[in-house]
Every structure is written in C-alpha cells, then in structure tokens.
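These are my notebook entries on what I looked up in one chain, written down in the order in which I went through it.

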Amino acid sequence: MELENLENAGAPNFQEASIQSGDTHELRRDVRTNDWTLPHIRKTISNSPASSVSDEDYHLQSYFAELIQSRNPYVHAEPEAASNAGSFMSHSKRLLESVVIGSKMLRWPRLPVTYEDADSETINCDVHDDFKEPKFSKSFTGYFFTVMLLLSVLVALGQALTLTEPVLLYTRPLPLWMNRSDVKLYATLKEVYAAMPESKIKDKFNLFQMQFNRKYDTEEEMKYRYSVFKFNLATIDELNHRNPIALFGITDAADQPLEERRRKKSLGNFSNYESMKAMLPSDAVAAASNGSEHVMGKMFAFASNVTTDASGTVLKWASSIDCAACNRYPAFRNYSDTNLPTEFNWRDLGAVSSNVEDQRLCGAGWAFSVAQDVAGARFLRTGSLTSVSAQQFLDCETTSNGCSGGTTVSAMQYASGNTKLASKESYPYQGYNNADMMVRNQTCDEVEEKDGYESDIKNTNGYRMVALGESFETMMQVYLTKNGPLSIAVNSNGMEHYVHGTVGCEGIAGDEFCNEVISNAEYDSTCDPLLLDHSALVVGYGVNEGIEYWEVKNSWGKGWGENGYYRIARGTNECGIANMVTHFVNEDEDTELTKNVGEDL
C-alpha cells in the first residue's frame with residue numbers, strides 16, 4: 001500500500017512502503033509533531049510457517065488505523081501482526097474497538113479476521129461479538145462528525161478492498177500550541193523508547209551501566225534491573241508526552257523500581273495532603289479554602305489535641321506587607337500583587353547556597369527544605385549565608401519520622417521552638433536518622449554544648465503559613481520577593497527521570513489534551529496535587545516564551561535536573577506546589593504583631 005504526500009490537502013507527510021505478506025509496518029503518529037512514520041519493518045510469521053495473514057486483511061487493518069488517527073490525533077492506533085496468530089487477533093481487537101469524536105467515545109465492531117494458527121487450525125473472529133450501540137453526541141456537531149465518519153468508513157472500505165487506488169488521508173489542523181517553537185524543539189529532543197527494537201534498548205541499558213557505574217552481583221539481578229529499566233523507559237515516554245516543554249530521560253534512577261525510588265520521599269501520612277492540613281487549626285483551613293484574602297495577616301489557635309512546639313499555640317499567616325528583605329533592599333517594599341517583576345531569583349542576590357545537597361536514598365527532602373529556608377531568612381537578617389544542618393532535623397524533630405518522611409510544618413515548629421540550630425559543617429548530613437530514641441535525644445541535647453556549633457544561626461524564632469491551595473500562587477510570588485526563598489511540599493511523581501525544561505501540561509496544551517493523555521496512559525505520569533511526597537525550596541520565578549514557571553532547588557545533587565534545580569509551571573498549582581508553603585520570619589523585627597487570635601497581625 002502506498003501512502004501519498006498530500007501537502008496541498010494539509011495532510012501529514014507519509015513515507016512510501018510496499019507491504020509484503022509476512023511483514024508488519026508499524027504505523028505510528030507522534031501527537032506532539034503530528035508526524036506519521038513507519039519506524040521499521042520486521043518479519044512476523046517467520047517462526048511459524050503454517051501461519052499466514054492475508055494482504056487484504058492487513059491492508060484493511062492498516063487503512064482503519066490510518067483512518068481513525070487521521071480524524072483523531074489523540075488516539076494511538078497501529079496495525080501490527082505479532083509472532084503468532086493469537087496476538088495478532090488480540091491486537092486487531094484493540095485497534096478497532098475505540099474511536100473518539102470530540103469527548104465522546106464510540107464502541108466500534110471489529111473487522112472479521114480469518115487466519116491460521118501455528119497448528120494450522122482456522123480461527124474466525126466474529127465481527128459482532130463485542131459490538132455495542134454507539135453513544136453519539138447529542139449536539140449538531142456530534143451528529144455531523146458521526147455521519148461523516150460513517151460515510152468515510154463506507155467509502156474507504158470499498159477502496160481498501162479493491163487495493164487499486166492509494167488511500168487519501170486528511171487530518172484536522174494542528175492545535176496552535178503544537179506549533180510553538182519550544183514544543184517543536186522539545187519534540188526533536190525526545191526519544192520514543194516504545195518504538196525502539198529490543199537490540200537498541202539493550203544498547204541503552206549497557207550504556208547506562210557504564211555511565212552510572214552499575215555493577216550487578218548476579219545474572220538474575222541484571223535481568224531484574226533490565227526489566228525495571230524497560231518499565232521506566234515506558235514511564236519516561238508517558239512523562240514526555242504529558243509535559244510538552246520538559247525533557248525526561250535516562251538518569252541515575254533508570255534501573256530503580258518504584259519501592260526503591262520511594263525511599264527518598266515522604267511516605268504515608270507525611271505525604272497525605274489531608275493529614276497535613278489536619279495538623280493546622282481547622283478554622284484556618286476552612287478560611288483558606290475561601291481564598292488567600294481570608295487568612296492573610298491573621299492568627300489562628302491550634303486545637304488542644306494538636307501537638308505543637310514551643311513556638312506557641314497559634315498559627316500565624318503571612319501578610320503581603322511583611323518584608324524581611326526591605327532592610328537590605330528598600331525598593332522591595334513596593335512589590336505587591338499588582339506590582340511584581342517579570343522575573344525574580346534569590347540565587348542572584350545571595351540568599352541561596354551554590355551547593356546542592358544529595359539526600360540519597362533517604363526521605364529527607366522536608367529537612368533540607370526547611371534548613372535552606374532558615375539559611376535564607378538568616379541571610380536577609382545578617383548578610384551572611386551559613387548552611388543549616390539537615391541532619392539535626394532528621395535526628396531531633398521527633399514528630400516526623402526521619403528518613404521515612406516528615407512535614408515542613410513540623411520542622412518549622414521544631415526550629416521555632418529551639419534555642420539553637422547547628423551548621424551543616426558542625427552537624428554533617430549522614431543520610432540516616434537514629435532509630436534509638438535514647439541515642440537520638442542524647443545527640444540532640446548535645447547541640448547546646450558541643451564545640452563548633454554556630455551560636456548565631458538561631459536568629460529567627462517564628463514561621464508563617466504562606467499558601468494552602470491553588471488560589472495562593474500570586475501570594476507566593478509577593479512573599480517570595482519580599483521575604484526570601486520558600487519551603488514547599490510537592491508531588492514528585494516521575495521527577496527522578498527529569499532532565500530539563502518546564503514541567504506542566506494544562507498551562508501549555510490545555511485541559512482537553514492533558515486529560516486525554518491521563519485517561520489513555522498505560523503508565524502513571526500524573527502529578528497528584530493531594531499526594532505531596534517531597535519537599536524542596538522555591539527560589540524564584542520567570543517566564544519563558546509566555547509560559548510562567550517557578551524555579552525550585554531540589555536536594556538530589558547537582559547531577560540531577562538543571563544542575564540540581566528544576567522549573568515547574570506557575571499559575572496552575574502544578575503538582576500541588578501551592579498546597580503547603582511555609583517560611584521563617586524574624587519575630588523580633590516584626591513590630592505589627594498582635595496577641596489577639598483572628599485579628600490582623
């Protein structure tokens with residue numbers, strides 16, 4: 001079958017190929033670029049001489065795959081004859097049973113397929129064995145496209161059976177976002193691992209072992225890691241599909257199974273958004289659900305059954321007039337929700353250490369996030385940037401669970417009630433927490449006495465809630481510019497595979513495409529805003545070709561992401577980035593505090 005180049009009709013360019021009996025042409029379409037390709041041809045029945053698939057059947061399958069996709073660029077369909085008759089029948093079923101018109105799903109009858117299996121037994125696939133009445137759109141547009149599709153199928157069926165004329169395919173125009181220069185650029189950078197033959201994937205695995213110095217003890221372990229590697233490649237394909245201007249690829253985590261990768265994240269209630277909110281005053285949570293203007297500059301009493309630290313019995317919410325940076329940068333006082341710079345970054349102003357920590361396989365992101373937040377707040381007060389010990393939080397903040405996870409709120413409470421915090425140099429990171437409580441308490445009691453512990457790090461003795469939901473992102477911007485880097489909790493699904501670019505979908509491609517990707521995904525590429533399994537530090541924000549983003553400092557080492565940082569879409573609460581945001585403040589410099597709960601600060 002020949003596929004014409006219909007440039008004048010606006011159809012995609014096709015490669016020409018002649019199909020021979022026993023060959024399979026995998027017809028693929030990249031929804032990012034709208035390109036149709038025939039990546040490779042391979043023999044499919046060579047090991048079963050008695051098996052056969054007629055050219056007519058195969059052409060018919062190919063035609064329907066093209067027809068479906070020509071009208072539905074979000075549907076992935078490909079005709080494929082595998083190495084045995086049974087899998088060919090199974091694939092035929094999957095190929096033709098779904099057609100999408102708008103947001104409506106139609107069930108379509110399978111084509112009749114007759115072939116012989118390896119034992120020469122003829123098998124017939126009944127065309128009606130799973131047919132269901134189509135559910136048509138009730139709108140005029142839905143009826144119109146449905147009728148047109150049915151007519152097209154009837155006409156095309158006749159053409160396909162004669163096989164004397166080439167099939168003419170027409171596609172609807174590309175969505176505007178697919179024509180963006182950055183989307184096209186990233187599409188060229190993304191390898192589609194699912195289209196690779198096994199030999200090439202094995203080459204990738206061998207290169208990965210050399211690049212990341214992997215040595216497996218046994219042949220069984222190598223086989224297991226290779227199977228994990230292939231699974232992660234499939235996940236990377238999904239992540240690249242869902243994030244049009246971010247690149248995911250083979251990183252140090254490529255051979256790590258999910259349970260291993262989870263070791264560097266918070267688990268259980270320490271990642272559950274509802275459990276996190278339960279730590280806060282219920283009236284604060286209720287007020288915040290109505291918008292940031294209902295909580296800004298307010299104080300809320302903790303319930304008597306909620307454990308808090310020595311910082312007090314009230315939760316204090318950030319105010320847009322707070323400005324810890326104004327002593328050093330007086331002009332920052334003019335920043336507001338209607339007057340903000342287009343781009344801003346505390347890395348340029350000295351409040352962020354150039355060193356990027358590596359927490360390794362320990363869920364210590366919450367400890368690093370708060371330690372770096374405290375360091376930034378101290379810099380704005382003293383002009384000196386001293387790294388704060390994350391290990392002290394792991395050992396001494398007893399309401400969290402060390403390497404198994406913790407929350408930034410409880411870490412903020414610990415630091416607010418403590419009289420002294422250690423520097424990183426005097427209390428270095430070990431990547432583990434003491435499980436023995438007696439040893440843990442003894443170690444933490446020594447913080448006050450041990451030589452070499454910084455005596456002036458504890459110059460901040462309070463914290464603020466900054467954001468608790470998607471309506472707070474503008475408030476985050478204002479508070480970031482006027483008070484320093486912010487501690488956040490975020491969903492990190494798939495982030496181990498991040499290479500560079502801006503993570504996000506809805507703000508770039510729109511809800512329709514992004515929801516379609518999620519519903520059709522075989523692997524989980526979603527970023528659940530209610531599962532905040534990691535914590536990091538927001539250090540700035542910017543705009544790239546019209547796409548707004550946050551810049552975030554991670555604690556997975558400089559070899560990860562953009563030299564230890566990543567960008568994530570701003571304005572859509574991507575991955576729940578605005579759901580749990582806190583920050584340290586200097587209480588002794590705040591002259592507008594009141595002691596009346598519920599009143600403005």
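I began with strand β13 (residues 462-467) and strand β19 (residues 581-585), which run antiparallel and are joined by 5 bridges; strands count as paired if DSSP finds at least two bridges between them. Within this pairing I looked up Arg464, and its bridge partner in β19 is His583. I then checked burial, where buried means under 20% relative accessible area, exposed over 50% and partly exposed in between, with a 1.4 Å probe and protein chains only. In β13, 6 of the 6 residues are buried, so the strand is largely enclosed by the rest of the structure.

I note the basis of these entries: the model is predicted, local features need pLDDT of at least 70, side-chain atom pairs count only at pLDDT 80 or more, and totals for chains, interfaces and linings use all residues. Residues are numbered from 1 along each chain as its sequence is written, and side-chain values use heavy atoms, with hydrogens and water left out.

Entry on the whole chain. I find 16 helices and 19 strands, where helices (H or I, at least four residues) and strands (E, at least two) are DSSP runs numbered from the N terminus. Of the 601 residues in the chain, 54% are buried. For contacts, meaning heavy atoms within 4.5 Å, I took those between residues at least 6 apart in sequence, and 74% of them join residues at least 24 apart.

Entry on β18. Strand β18 (565-569) has 5 of its 5 residues buried, so I record it as largely enclosed by the rest of the structure. In a regular strand the side chains alternate between the two faces of the sheet. Both faces of β18 are covered, with Tyr565, Arg567 and Ala569 buried on one side and Tyr566 and Ile568 buried on the other. I looked up two pairings of this strand: β17 joins β18 in the antiparallel sense over 5 bridges, while strand β15 (residues 498-503) pairs with β18 in the parallel sense over 2 bridges.

Entry on Asn554. This residue sits in the loop between β17 (547-553) and β18, and with a relative accessible area of 2% it counts as buried. Leaving out residues up to four places away in sequence, I find Asn554 touching Val356, His534, Ala536, Trp560 and Gly564. I also looked at Glu357, which is 197 residues from Asn554 along the chain, and the C-alpha atoms of the two are separated by 8.0 Å.

Entry on α10 and α12. Which angle do helix α10 and helix α12 make where they pack? I find about 50° between helix α10 (residues 365-382) and helix α12 (residues 408-417), with the axes 9 Å apart; axes are lines fitted to C-alpha atoms, for helices over the stretch in contact, and angles run from 0 to 180 degrees between N-to-C directions. The two helices are therefore oblique to each other, given that angles under 35 degrees count as roughly parallel, over 145 as roughly antiparallel, 65 to 115 as roughly perpendicular and the rest as oblique. The contact is made by Trp366, Ser369, Val370 and Asp373 of α10 together with Thr408, Ala411 and Met412 of α12.

Entry on Ser369. Lying in helix α10, Ser369 counts as buried because its relative accessibility is 1%. Apart from residues up to four places away in sequence, Ser369 touches Thr408, Ser487, Ile488, Ser535, Ala536 and Leu537.

Entry on α5 and α6. Helix α5 (residues 198-211) packs on helix α6 (residues 219-242) at an angle of about 110°, with the axes 11 Å apart, and the two are therefore roughly perpendicular to each other.

Entry on Phe332. I placed Phe332 in the loop between β11 (314-316) and β12 (344-345), and Phe332 is buried, with a relative accessible area of 10%. Its contacts, leaving aside neighbours within four places in sequence, include Cys323, Phe344, Trp346 and Thr481.
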